[in-house]
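Please read the following report alongside the sequence and the 3D view.

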Amino acid sequence: MSTSSPATGVVPTADAAPLSLCGREPYVPADRLVAEMVPPPRFDSVRFATYLPDPNQPSQTAAVRLLEDFSGGLGGAHATGAGRRGLFGLGRSRAPKVPAGPRGVYLDGGYGVGKTHLLASLWHATPAEPALKAFGTFVELTNLVGALGFQKTVQTLSGHRLLCIDEFELDDPGDTVLVSTLLGKLVGAGVALAATSNTLPGRLGEGRFAAADFLREIQGLSAHFRAVRIDGEDFRHRGLPRAPEPYSDEVVTKAAYATEGASLDDFPHLLDHLARVHPSRYGALTDGVRAVCLTDVRPVPDQSTALRLVVLADRLYDREIPVLTSGLPFDRLFSEEMLNGGYRKKYFRAISRLTALARDAAPLTGAR
C-alpha cells in the first residue's frame with residue numbers, strides 16, 4: 001500500500017480504527033447552530049479581490065462594485081438603532097423602525113458564474129463581527145427553524161446586520177412561504193438580506209436567470225431586494241457528471257482502516273440512521289471525520305430518504321470530505337422519476353458534489 005499523502009490532506013496511518021457515522025447521534029445546542037451559520041470552509045478565503053471577472057462580461061465587474069458598496073453601508077449601528085440582541089432576542093427593542101429603501105440584494109445568474117463566491121465575499125466584507133452576520137443555504141435556514149421554532153429563530157436572527165441565503169429553493173412552496181414570512185420579520189427588525197436562488201421545476205435549461213421567479217415567490221418582500229445580474233457562461237446543459245467507478249468492499253474497508261479519521265459504514269444502514277438524526281445536525285455528524293468510506297451503495301428507495309441524503313452531501317461537500325465507495329456509482333443513486341420531478345435540481349447537485357468527493361477519495365486507495 002502506498003504511503004503517499006492524498007491531495008485532500010488525509011494522511012494514511014496504519015492500524016487506525018475507522019469511525020462510524022451510524023454510531024453518532026450528535027446533540028447540537030442552539031447557540032452552535034447559529035454560530036455555524038458562516039461561509040463553508042471552501043469559501044473561507046474568498047474575497048471580492050479573489051473574484052476574477054470575465055473581461056467579456058462587464059456585469060461581473062459591475063456586480064462586484066455594487067456589492068462592495070452594499071457591504072460598506074452595513075457598518076455602524078444596527079439599522080433599527082438597536083444593539084446586539086442576545087440569543088433568542090433577550091433585550092429586543094419594541095416596534096423597530098423599518099429602514100427606507102431596499103435592504104436586500106439578489107444575485108441573479110446562471111450556474112458557474114460565481115454567485116456563491118460573491119455571496120461569501122459580501123459576508124466577509126461586511127464591517128461587523130461574525131456574530132452579527134449569518135450565512136447559510138435555504139435548507140440550513142429551514143432546518144434552523146425546525147430546530148429552534150419560528151419565534152426563537154426570529155428572535156435569534158433579529159440582531160444581525162446581514163443574513164446571506166445561498167440557493168433559495170423555489171421548488172418547495174411550503175418552505176418558501178415559511179422563509180418569506182421569516183424574512184419579512186427580519187427586514188422589519190432592520191436585518192439586511194442577500195440571496196441567490198435555484199431554478200423552478202420544469203425550467204431547467206430554459207435560461208440563465210431566475211430573478212422574476214424569485215421576486216414572484218417571495219411576493220411582499222420583492223420591494224426589499226435589488227436584483228444584481230451576473231452574466232457568464234452557463235454550464236446548466238452539462239447534464240449529469242460521469243461518476244468514477246466504485247471500488248470493491250475490500251478496497252474500501254482497507255482504506256478506511258488505513259486512513260486516520262476515516263469513517264466506515266454500510267450505505268443502507270447510514271440512510272436508515274439519517275432518518276433518526278435531525279438534518280440540522282448532519283454537520284456535527286461529520287465532526288472530526290476526514291474521509292467517509294461507504295460499502296454497498298445502492299439506489300435510494302424513496303424521496304424522503306433522497307432529500308436527507310442531499311443535505312448530507314451538501315455538508316460533506318462544504319467540509320471537503322472525500323467519499324470512497326463500493327456498490328453503484330453516484331450517478332445511479334436516484335431514479336428517473338426523481339430526476340424528472342420537482343426536486344431534480346437538488347438531486348443533480350447531490351450527484352455532482354458526491355462525484356467530486358469520490359474523485360477526491362481516489363488517493364486513499366493508493367492510486368496516483
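## Buried positions and helix packing

Leu141 is buried, with a relative accessible area of 1%, where buried means under 20% relative accessible area, exposed over 50% and partly exposed in between (1.4 Å probe, protein chains only). This is a predicted model, in which local features need pLDDT of at least 70 and side-chain atom pairs count only at pLDDT 80 or more, while totals for chains, interfaces and linings use all residues. Residues are numbered from 1 along each chain as its sequence is written, and side-chain values use heavy atoms, with hydrogens and water left out.

Leu141 belongs to helix 4, residues 138-148; helices (H or I, at least four residues) and strands (E, at least two) are DSSP runs, numbered from the N terminus. If residues up to four places away in sequence are not counted, Leu141 touches Met37, Leu157, Leu163, Ile165, Val179 and Leu182, a contact being heavy atoms within 4.5 Å. Thr153 is 12 residues from Leu141 along the chain, and the C-alpha atoms of these two residues are separated by 9.2 Å.

Asn143 also has its place in helix 4, and Asn143 is buried at a relative accessible area of 12%. With residues up to four places away in sequence again not counted, the residues that Asn143 touches are His278, Pro279, Ser280 and Val311.

How do the axes of helix 4 and helix 6 cross? The axes of helix 4 and helix 6 (residues 173-188) come within 11 Å and cross at roughly 75°, which makes helix 4 roughly perpendicular to helix 6. Axes here are lines fitted to C-alpha atoms, for helices over the stretch in contact, and angles run from 0 to 180 degrees between N-to-C directions; angles under 35 degrees count as roughly parallel, over 145 as roughly antiparallel, 65 to 115 as roughly perpendicular and the rest as oblique. On the helix 4 side Phe138, Leu141, Thr142 and Val145 take part, and they meet Asp175, Thr176, Leu178, Val179 and Leu182 in helix 6. The residues of this contact of helix 4 with helix 6 divide into 6 nonpolar, 2 polar and 1 charged, where Ala, Val, Leu, Ile, Met, Phe, Trp, Tyr, Cys and Pro count as nonpolar, Asp, Glu, Lys and Arg as charged, and the others, Gly among them, as polar.

### Two further helix pairs

Helix 2 (residues 58-72) and helix 3 (residues 115-125) pack with their axes 9 Å apart and at an angle of about 30°, and are therefore roughly parallel to each other. In the contact, Val64, Leu67, Phe70 and Ser71 of helix 2 meet Leu118, Leu122 and Ala125 of helix 3, and these residues divide into 6 nonpolar, 1 polar and no charged.

For helix 9 (residues 267-274) and helix 11, the axes come within 10 Å and cross at roughly 95°, which makes helix 9 roughly perpendicular to helix 11. Phe267, Leu270, Leu271 and Leu274 in helix 9 meet Thr305, Arg308, Leu309 and Leu312 in helix 11, and the contact is made up of 6 nonpolar, 1 polar and 1 charged residues.

Strand 1 (residues 104-109) is mostly covered, with 6 of its 6 residues buried. In a regular strand the side chains alternate between the two faces of the sheet. Gly104, Tyr106 and Asp108 point one way from strand 1, whereas Val105, Leu107 and Gly109 point the other way, and all are buried.

Glu167, a residue other than glycine, has a positive phi near 55°. Glu167 is found in strand 3 (residues 162-168) and counts as buried at 15% relative accessibility.

Glu320 likewise is not a glycine, yet has a positive phi of about 55°. Glu320 sits in the loop between helix 11 (303-318) and strand 8 (323-327), and Glu320 is partly exposed, with a relative accessible area of 41%.
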